[in-house]
Amino acid sequence: MEVRIINNNEYEIAKELFCECFNKKHKEITIPLLGDLLGLYSNNILIGICQIDYLNNLFENKKQAIINNFCIKNEYRNQGLGNYLLN
């Protein structure tokens, strides 16, 4: 297993995985990414994604990370891989 930032070449694969996990139809996404899109890979195949966005907390003068989207491919669920990706 390997966790790494999803690059532009893999972005379409990540969108397909998201649509599969959440039973959504594939749409053209035009909103810019505000943070990191991490991928969980098994044998170099994308099996999970975690989108982390960063917001400024003006009252505490720091950035906060928020998990915006998170999913594991159906056939890889219930194996502890979601916890692995979160860690």
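Me: In which helix is the place of Tyr84?
Reply: This is a predicted model: local features need pLDDT of at least 70, side-chain atom pairs count only at pLDDT 80 or more, and totals for chains, interfaces and linings use all residues. Residues are numbered from 1 along each chain as its sequence is written, and side-chain values use heavy atoms, with hydrogens and water left out. Helices are DSSP runs (H or I, at least four residues), numbered from the N terminus. Residues 81-86 form the helix that holds Tyr84, namely H2.

Me: Is Tyr84 buried, partly exposed or exposed?
Reply: Buried means under 20% relative accessible area, exposed over 50%, partly exposed in between (1.4 Å probe, protein chains only). Tyr84 has a relative accessible area of 40%, so the class is partly exposed.

Me: Is Lys15 buried or exposed?
Reply: Lys15 lies in helix H1 (residues 11-21). Its relative accessible area is 5%, so Lys15 is buried.

Me: With which side chain does the side chain of Lys15 make a polar contact?
Reply: A polar contact is a pair of N or O atoms within 3.5 Å; within protein, one must be able to donate a hydrogen and the other to accept it, and residues adjacent in sequence count only if both atoms are side-chain atoms. At 2.9 Å, the partner of Lys15 is Glu12.

Me: Over which ring does the charged end of Arg4 sit?
Reply: The rule asks for NZ of Lys or CZ of Arg within 6 Å of the ring centre and within 35 degrees of the ring normal. The charged end of Arg4 is 3.7 Å from the centre of the ring of Tyr41.

Definitions and conventions: Helices (H or I, at least four residues) and strands (E, at least two) are DSSP runs, numbered from the N terminus.
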